[in-house]
Structure formats: structure tokens, C-alpha cells
Amino acid sequence: AQVAPGAVHVPDWLAPEAQRELLAACRDWARPPAGLRTVRTPGGGTMTARQVCLGWHWYPYAYARTAVDGDGAPVKPFPAWLGELGRRAAVAALGPQEPYAYDIALINFYDGDARMGMHRDSDEKADAPVVSLSLGDTCLFRFGNTETRAKPYTDVELRSGDLFVFGGPSRLAYHGVPWVYGGTGPTELGLSGRLNITLRVSGL
Ligand code: MD3
Ligand code: FE
């Protein structure tokens, strides 16, 4: 379903087996070195969702090749199969696309009362669509507008296996995760909490 121009939600895009495989990969990527970390913002705050990066390491508000705000280790490689998954996802949501060379994965892990405030993603230097895949607990995702972090916005529930692609005019829209509904994920997956995997093109 199109939520806004270029913003398309494809519920249940990942089959259960693909969700299990992606979760297993995320568990591996979460391990040190350059594993899951708590992100501190320049204003002294901390993000409640913890994060691990592949390809390029994001820190507020730039990209590096090492975990500069973590253990300093080189960022983990971005695997070719994940880039292929990103291209397939973009085509599934938006139709025929340039063959974008996805080279960044940001993986956010939400447990407890973790959430994400309204923000824009503008640290990438390319305009390729962002691909988002959700695993585990359902969340409320808030898709805003390009002008202000306030209303109007559209609220959408994202469930395990859902795909969301943000391209064109939606690439620079404000968005956030006001909350996660604990204990709502598929029992068979064996994940307590929520994982979101975003695939991006750095343009670097
Ligand atoms: C719209 N992640 O990693 S996914 C983020 O669920 C982020 O962890 C949220 O916002 C999460 O930056 C939301 C949906 C999403 C991701 C990236 C976007 C929406 C986006 C980039 C541009 C526009
Ligand atoms: Fe974002």
C-alpha cells in the first residue's frame, strides 16, 4: 500500500524461513567486535534502540569505516546477498528501478521501552530509496512530512516480515517509532523485542 508518494508498505514480504535466516544473521552481526552498541547523541542523550552497522558505521551525524563511537574496530562488511535482497525489495515495492548498489545496513534493536523520535535521514549522499525490514514485535511507525517533525503524519503498524520502502519525495520525510508492542512477535521466531534492518546507498 502506498502511504505517500514513494513510500510503500508491503506487509508480510519476508516468508517465515527468510525471517529466521535474517534474524540468525543479525544475531551474528550483533557480536563484537564492532557489534551492537548504544548510540550517544551530541546533546548528551542516548538512543533507546541499540544499533549495529554493516558497510559503513553511522554515528550522529556522519558515516565512518570504524566504530568510532564504540570499540573502534573496523565496521563489518556489507554482504553481497544483502544488496541483492535490497534491490529485490525496492523493485517489489516501487517497480523497476536502477540497480542500486546498497552498501549500508543499519540494524536497530528495540527491547523494553525502546522507541525512536521523529527525525530525517540525511547523512547519505545518494538519493536511492531506503529499504526497511521488520522482525519480531509489532511497532507503531509514524510517517510524517518533509516540512516539520510535527503533524500531519500517518501511523502504520509494522509487523514481523513487513517491508517498507522510502524513495522519491519520501526519502527525506520525518519518521519515527513512538512505541513497540511487547510480546506481539511470532512465537516461532524466538525473538524478544523488535529488529529493524534498513538498507541504504551511501553515495560515499
Ligand atoms: C523514511 N528506523 O534507522 S524504519 C532509521 O524502525 C529508522 O528502526 C526506524 O528510522 C526503525 O533511521 C524506522 C523506517 C524508515 C527507515 C529509514 C527511512 C523510514 C525512513 C529513511 C527515510 C525515510
Ligand atoms: Fe530513520
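These are my notes from looking through the structure, which is a predicted model.

**Ligand 1**

I started with ligand 1 and listed what lies around it. The shell holds 15 residues, and the closest are Asn108, Val130, Ser132, Phe166 and Asn196. Next I checked which elements supply them. Those giving two or more residues to the shell are β6 (104-110), β8 (130-136), β11 (163-166), β12 (175-180) and β13 (194-200). I also sorted the shell by class: 7 residues are nonpolar, 6 are polar and 2 are charged.

**Strand β6**

Of its 7 residues, 6 are buried, so I put β6 down as mostly covered. I looked for its partners and found two pairings to write down. With strand β3 (residues 50-54), β6 pairs in the antiparallel sense over 5 bridges. In that pairing I have Arg50 opposite Phe109 of β6. With β13, β6 pairs over 7 bridges, again in the antiparallel sense. There I noted Ala105 standing opposite Leu199 in β13.

**Strand β8**

How many residues of β8 are buried? I count 7 of the 7, so the rest of the structure largely encloses this strand. For pairing, I found β8 and β11 joined in the antiparallel sense over 4 bridges. One facing pair I wrote down here is Leu135 and Leu195, the latter in β13.

**The open sheet**

I traced another set of strands next. I get 4 strands in an open sheet, in the order β7-β12-β9-β10, with antiparallel pairing. Which strands sit at the edges? They are β7 (116-119) and β10 (154-158), each of which pairs on one side only. I looked up the twist too, and it averages 25 degrees from one strand to the next. Within this sheet I checked the pairing of strand β9 (residues 139-143) with β10, which is antiparallel and runs over 5 bridges. Leu140 stands opposite Glu157 in β10.

**The UniProt binding site**

The UniProt entry, which is unreviewed, places a "binding site" feature at His119, Asp121 and His175. I wanted to know where these sit relative to each other. They span 57 residues in sequence, but no two of their C-alpha atoms are more than 8.9 Å apart, so they gather at one spot.

I took His119 first. Is His119 buried or exposed? I get 12 other C-beta atoms within 10 Å, and the limit for exposed is 12 or fewer, so His119 is exposed. Leaving out neighbours within four places in sequence, I have His119 in contact with Tyr174 and Gly176.

Then I did Asp121. I find Asp121 in the loop between β7 and β8. I count 17 C-beta neighbours inside 10 Å, so I put Asp121 down as partly exposed.

Methods:
Residues numbered from 1 in each chain as written. Chains lettered and ligands numbered in written order. Predicted model: local features only at pLDDT ≥ 70, side-chain atom pairs only at ≥ 80, totals over all residues. Near = placed C-beta within 6 Å. Nonpolar A, V, L, I, M, F, W, Y, C, P; charged D, E, K, R; others polar. Buried ≥ 20, exposed ≤ 12 C-beta atoms within 10 Å, placed from the backbone. Pairing = 2+ DSSP bridges. Axes fitted to C-alpha atoms, helices over the stretch in contact; angles between N-to-C directions. UniProt positions renumbered as here; feature names shortened; annotations may be inferred. Contact = placed C-beta atoms within 7 Å.
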